[in-house]
Amino acid sequence: LVIRAGLLALAVIAGSAAADAQTVTRIDPPHWWIGFEDPRVQLVIYGEDIAGLTASIDHPGVEIRQSAQTGNANYLFLDIEIAADAVAGPAPIRLAGADGAAADFAWELRERAARSAGRRGFDSTDTVYLVYPDRFANGDPDNDSQPGYVDGLARDDPGGRHGGDLQGLIDRLGYISDMGFTQIWLNPVLENAEDRNSYHGYAITDHYRVDPRLGSNALYREFSAAARARGIGLIQDVVLNHAGSHHYLFTDPPDPSWFNNDSVFEPSTHQHTTVHDPYAAIIDRADFTDGWFAPTMPDFNQREPRVARYLIDNTIWWIEEAGLSGLRLDTYDFADAGFLDAMMARLHLEYPELGVVGEAWAYDPAVIAPMQSGSPLAPEGQPGVSSLMDFPLQIRARDALLAPDSWDDGLISLYQFMVNDRLYGDPHNMMVFADNHDFDRIHTQMGGDIALTRMALAWVMTTRGIPQILYGTELLFTNETPGDHGQIRADFPDWLRRIVTWRRDTAAIHHGDMLHFVPHDRHGTQSVYVYARRHEGETVLVAINKGETPHALDLDRYAEAIAGYAAYRDVMTGETAQTGDGIDIPART
């Protein structure tokens, strides 16, 4: 175990020699704030044989409601209540032994940032840029490898660390802003001290520390503030389902019940349907939610109240600490349903406008829809998330673009699939994407076909929902051996920049309803899909032509969308024309 007392400010600030001998390795969370609707916080104090000590805090407005022990003598839990009129400042925790010897350990209360509770989250007015910090830009080569961390710099290893960091992101915020993105979602930045494949960040080993190979807590705050100054929000990737196998909570757990399957690896079945299947056996639901992702990812038992409290407090701590605009909740449906209800209820209480998107990787809308707030399929009283990753629409759009157009395949299947939007609480708040960190790159999915790649991204940018673009998409990255795409790559960043920046200021895309028309031979071709977004006198008409020949739109057919308009402007070229002259859609555009 690496002890980082300097980071966590666990200095002994007073006390006798006998008390000083009591070792406190850490206090989680290391500080807290005044002014939450729920005034309680759970402190996890960890150190050798401290469970028998008596804790006290002599600070106005701070009261220890309960001091609790577990089967592990190295833990002491304090349930703290903080009055609304409590004063910010040092609030040291005194630990005293039976012999009266005592020592004080640093802890403090802070004032919340102005308008913290009313912070704006993310919504359909935003475009999200998804970045793997380790794979983006290396702003500080000195942090590439760190003492005490096995997984160091290995740029030739696809599973190794490549050196990207928070400083690299800070240095390139101008580029991200100029592309038109208004939110940045970073894959997890917290410490991942696993021996192998630690670059992805999803096996967290310290919930209160940024991985030093990426930077520091202070640099993370600096990045968030610098992004915010450019009008860009920060979405943190939160892992509620599991920890890393080198986490102190797993290597020396408060109790074996903190992790599912008695802290022994049993793989999840990954059967997402069991959560909402009315016929699912209880044991099958448990095999899904309680199974582990991997031997290095021990699965939290959120039915244990102190586990639930630890995860909720940590999430709130980072919202305040880093000034987050939103959360992406990893493996959302793998977590215990009761815990998720408690988690979302608390977030709604403290941050009514916070953006929260849940990841439930299933391709059937009926499987994921019940998790969104307001869904007609949601259990009564379930708080739910405001947004979900739209995996069903991603896979359907991909298949529709790749398949030949026919009576029941190709673009018609995408048209038909949109009827499922009635299952969501708010389809306009779904997060839509062509690819992400778990998928083949969209240009690879489209077989390197630039026309299909443009169609896929145009769909993401103009359909209902919140678009998410994976870093490097603007440069036509693939996950295959690159060929000679110089000509294509030179043009593509400007094309995507134009559509992203146009979307940023287009209310019809942010808030407009969606009206679409059947792609059918009766209307000339099955290879042209037309839809409109309409809002307060502004209409955007989108036409996707997969065909090998140009197509002239029959404007009488689309009168419901464009009646009353005498002219139109091409978003990408800026050219204007009269509707009376007709609208021609070139082949494969």
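**Exercise 1. Decide whether Tyr75 and Phe77 are buried or exposed, then describe how their rings are arranged.**

Step 1. Tyr75 and Phe77 are both buried, where buried means under 20% relative accessible area, exposed over 50% and partly exposed in between, with a 1.4 Å probe and protein chains only.

The model is predicted, so local features need pLDDT of at least 70 and side-chain atom pairs count only at pLDDT 80 or more, while totals for chains, interfaces and linings use all residues. Residues are numbered from 1 along each chain as its sequence is written, and side-chain values use heavy atoms, with hydrogens and water left out.

Step 2. A pair of aromatic rings is described by the distance of the centres and the angle of the planes. Rings of Phe, Tyr and Trp (its six-membered ring) pair if their centres lie within 6.5 Å; planes under 30 degrees apart count as stacked, over 60 as edge-to-face and the rest as tilted.

Step 3. For Tyr75 and Phe77 the centres are 6.1 Å apart and the planes make 15 degrees, a stacked pair. The whole structure holds 34 aromatic pairs.

**Exercise 2. Work out why strand β21 is described as largely enclosed.**

Step 1. Strand β21 covers residues 466-470; helices (H or I, at least four residues) and strands (E, at least two) are DSSP runs, numbered from the N terminus.

Step 2. In a regular strand the side chains alternate between the two faces of the sheet. On one side of β21, Ile466, Gln468 and Leu470 are buried, and on the other Pro467 and Ile469 are buried too.

Step 3. Five of the five residues are buried, so β21 is largely enclosed by the rest of the structure.

**Exercise 3. Describe the surroundings of Met431.**

Step 1. Met431 belongs to strand β20. Its relative accessibility is 1%, so Met431 counts as buried.

Step 2. Leaving out residues up to four places away in sequence, Met431 touches residues including Phe122, Val128, Ile466 and Gln468; contact means heavy atoms within 4.5 Å.

Step 3. Ser387 is another of these contacts.
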